[in-house]
Amino acid sequence: RHGETIANRDGIVLGQIDSPLTPLGISQAKALHRTFGRNHKVFFRKESSDLGRCRHTSRLVLGIGGDDGEDLPQTNAAENEIQLTFDVRLRERAKGVREGMSKKLTSEQAMEIYLRKNYNTFNDTFEAKMPLSESEEEVLRRTTDWMQDILGDVHAHAHAPCYNDQDILNEEAQRQQYDILAVTHSGFLRILIENLVGTQLPKDVKREESTSTCSQNATTSSTYKSSETLGRLIVPNTSKTIIAFHLLANENDVGDEDVTIISTKYHETGQKIYWRVELVDLLNISHLEGDEPFDANDN
């Protein structure tokens, strides 16, 4: 997750509007750089939400951005080398009329304020377009789309013949592990974690108190897990979650373990590929407690 923003500090709902990092948020991102971000070559892909708070955080983590959010001198060359990608699919969940308002307000209160602000009593008209509001299932669809593309690229790269001029496999082609860095948002992470490795979460994982009712979730499918039903996961700023995807020979290559299996399609043939999904680390903030040695074999 990105570093702390002014809105986070002040209890303001963001969604897809933006807010700059606080000095604390900047120091949080720099702590990530010290612990693993500076060794950026270990990452096969470096991805970030295109929203400003994630752009700033990802650049700080990789050492190519300054405290003010601007590029460091000669950063253009460095950024091209690092190949940091900003993807709209990693954006926070759009939260409609609640965006920019206090987290203490209910959805109904936020709607009332929004309508009051944008209603023209002179000519009895509403003068604003309703802002985008996404359900968790809609966010999950774009999350899955992004994940499918990443896993497809990994599979294609791992199985492509890649030789140098001496016909010897080059270092890039010898990868046994493909690490992906993704800088994103708390809402995005909640939905990804609950629906990808929800069965692997520890029973004592920290959650907010649930505010949902049965009627509110009556249309939720049996395969979809709503964080609103369970009580939202608490996702600290710059917390690090690691999820491993293990390529399987086929969907039956699982053993007796109670594990999560997902399938993707190979880009070239459309053939189904199966992955065993493992939660390795959850919402880790040890980098904020002191330097943590970087492990190149970290998943």
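Which residue forms a salt bridge with K30? The partner is D67, and the closest N and O atoms of the two are 2.7 Å apart. A salt bridge here is a side-chain nitrogen of Lys or Arg within 4 Å of a carboxyl oxygen of Asp or Glu. K30 lies in helix α2 and D67 in the loop between α3 and α4 (75-82), so this pair ties together parts that are 37 residues apart in sequence. K30 counts as partly exposed because its relative accessibility is 32%, and D67 counts as partly exposed too, at 42%. For those labels, buried means under 20% relative accessible area, exposed means over 50%, and partly exposed is in between (1.4 Å probe, protein chains only).

Before going further, a word on what you're looking at. This is a predicted model, in which local features need pLDDT of at least 70 and side-chain atom pairs count only at pLDDT 80 or more, while totals for chains, interfaces and linings use all residues. Residues are numbered from 1 along each chain as its sequence is written, and side-chain values use heavy atoms, with hydrogens and water left out.

Now the overall picture. The protein chain has eight helices and eight strands; these are DSSP runs numbered from the N terminus, with helices being H or I of at least four residues and strands E of at least two. Of its 299 residues, 42% count as buried. Among contacts with a separation of 6 or more, 73% come from residues 24 or more positions apart, where a contact means heavy atoms within 4.5 Å. The chain exposes about 16,800 Å², and carbon and sulfur atoms supply 48% of that. Those areas come from the Shrake-Rupley method with a 1.4 Å probe, and for residues only the protein chains shown count as cover.

Let's go back to helix α2, which spans residues 23-37. Its buried residues are G25, I26, Q28, A29, A31, L32, T35, F36 and G37. What covers them includes β1 (43-49), α3 (52-62), β5 (179-183) and β6 (240-248).

The rule covers rings of Phe, Tyr and Trp (its six-membered ring) with centres within 6.5 Å; planes under 30 degrees apart count as stacked, over 60 as edge-to-face, and the rest as tilted. Both F36 and F43 are buried. Another edge-to-face pair is W146 with F188, at 6.5 Å centre to centre and 75 degrees between the planes. This pair links distant parts of the chain, with W146 in helix α6 (residues 136-158) and F188 in helix α7 (residues 186-197), 42 residues apart. W146 counts as buried because its relative accessibility is 8%, and F188 is buried with a relative accessible area of 1%.

The charged end of R45 sits over the ring of F44, 4.1 Å from its centre, and R55 lies over the face of F86, at 3.9 Å from the ring centre. To qualify, NZ of Lys or CZ of Arg must be within 6 Å of the ring centre and within 35 degrees of the ring normal.

What about the other salt bridges? The count comes to 14. E112 and R116 form one of them, with the closest N and O atoms 3.5 Å apart. Being four residues apart in helix α5 (residues 107-118), they are separated by about one helical turn. Both E112 and R116 are exposed. R232 forms a salt bridge with E208, the closest N and O atoms being 3.0 Å apart. R232 lies in the loop between α8 (227-230) and β6, and E208 in the loop between α7 and α8, so the pair ties together parts that are 24 residues apart in sequence. D87, R89, D145 and D149 are linked in a network of salt bridges.

Finally, how confident is the predictor? The chain averages a pLDDT of 82, and 75% of the residues score at least 70; pLDDT is the predictor's confidence in each residue, from 0 to 100. Among the elements, α4 has the lowest mean pLDDT (58) and helix α1 (residues 6-10) the highest (97). Over residues 213-222 the pLDDT is below 50, and beyond near neighbours in sequence this stretch has five contacts in the model. Residues 291-299 are also below 50, with 24 such contacts in the model.
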